[in-house]
Amino acid sequence: MRIVFAGTPEFAVPCLRAAASKGEVVAVYTQPDRPAGRGRGLTPSPVKLEAVQRGIPVHQPENFRSAESKATLRALQPDLMVVVAYGLILPQSVLDIPEHGCWNVHASLLPRWRGAAPIQRAIEAGDSRTGVCLMQMEKGLDTGPVLLAQALAIGPRDTGGQLHDRLAELGAKVLSDALGLLRATIQLPPHPQPAKGVTYAHKLDKAEARLDWSQPAATLANKVRAFNPWPVAEAQLAGERVRIHAALALDETHAAVPGSVLRAGRDGIDIACGHGVLRLETLQRDGGKPISAQDYRNARRDVFA
């Protein structure tokens, strides 16, 4: 089975490995190298690094608008194209090239959380479960029929990073199962997505990371978890900007002004919110490393007696 794989970030790497174990990955498509790091040097994507290590030819077109880019893909004679967080919208003329079309591994239980940031949006919304869908791609944004799906519970303290890693491995398993069935000529029945329950996971914006103490503590705790490890929640605390890596919502009644420090103890720093209290557990000062709330309190004895 000749497979073309298209993906870019770390999330896609386990799926590339799964594809390589079930068929011949004849080429990898990934986003062009982008400037990264302090030196802003061109940096290859995690998928490109994995492909190079495996000796798989890599293609990095800016898009698929040109006839040449489509001809290159057609010349590979793919039986199937597997797409995982590639970052480009594929036109119908590309989707039609592989014999079995294009499969997409998506990190949500569709139709909930179509779009760019399904993992973080599920945590931010307080969802108790998510999962992975293998979808037959069509022209719309994550609108195609689902071929295979598997659910996963979201723990009350799961961060965006932790859930990302678990879903990446689950996505590889779902893809591996589906490829095994395809190799055995077992047809995967397509299940059209219901029209009800559609939500969109818009791309993360750094401005969203600023916490508003007038919001409920539970809402802010979900944001802290969702935005770890990026962009990381931030707020004003005792006259300075801090980044918050871990926090816990307390269902506690108070009459304090939102943003007020209620307590600062060994377990954390408790901040009054619009409803309830947010206990800050791990913080980071500008230019520093993440530290416990107790260490932060000790470093700021001018504020916390």
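**Overview of the predicted model.** Residues 24 or more positions apart account for 62% of the protein's contacts (heavy atoms within 4.5 Å) that have a separation of 6 or more. The model is predicted: local features need pLDDT of at least 70 and side-chain atom pairs count only at pLDDT 80 or more, while totals for chains, interfaces and linings use all residues. Residues are numbered from 1 along each chain as its sequence is written, and side-chain values use heavy atoms, with hydrogens and water left out. There are eight helices and 17 strands in the protein, taken as DSSP runs numbered from the N terminus (helices H or I, at least four residues; strands E, at least two). Of the 305 residues, 48% are buried; buried means under 20% relative accessible area, exposed over 50%, and partly exposed in between (1.4 Å probe, protein chains only).

Helix α1 spans residues 13-22, and its buried residues are Val13, Pro14, Cys15, Leu16, Ala18 and Ala19. The elements covering these buried residues include β1 (2-7), β2, α2 (46-54), β6 (80-84), β7 (102-106) and α6 (160-183).

The structure holds two aromatic pairs. In one of them, Tyr29 and Phe64 are tilted, at 5.4 Å centre to centre and 35° between the planes. Rings of Phe, Tyr and Trp (its six-membered ring) pair if their centres lie within 6.5 Å; planes under 30 degrees apart count as stacked, over 60 as edge-to-face and the rest as tilted. Tyr29 belongs to strand β2 (residues 24-29) and Phe64 to the loop between β5 (58-59) and α3 (67-75), 35 residues apart, so that the pair links distant parts of the chain. Tyr29 is buried at 2% relative accessibility, and Phe64 is buried at 4%.

Arg121 sits in helix α5 (residues 118-124) and is buried, with 8% relative accessibility. Its side chain makes a polar contact of 2.8 Å with the side chain of Glu208. A polar contact is a pair of N or O atoms within 3.5 Å; within protein, one must be able to donate a hydrogen and the other to accept it, and residues adjacent in sequence count only if both atoms are side-chain atoms. Arg121, Glu124, Glu208 and Lys223 are linked in a network of salt bridges, each a side-chain nitrogen of Lys or Arg within 4 Å of a carboxyl oxygen of Asp or Glu. Leaving out residues up to four places away in sequence, Arg121 touches Trp113, Ala201, His202, Lys203, Leu204, Glu208 and Phe227.

The structure holds 19 salt bridges. One of them joins the side chains of Arg210 and Glu234 (4.0 Å, N to O). Arg210 lies in the loop between β11 and α7 (217-226) and Glu234 in strand β12 (residues 233-237), so this bridge ties together parts 24 residues apart in sequence. Arg210 is exposed at 55% relative accessible area, whereas Glu234 is buried at 18%. Glu240 forms a salt bridge with Arg300, with the closest N and O atoms 3.4 Å apart. Here Glu240 is in strand β13 (residues 240-250) and Arg300 in the segment after α8 (293-299), 60 residues apart. The side chains of Asp286 and Arg241 meet in a salt bridge at 2.6 Å, N to O.
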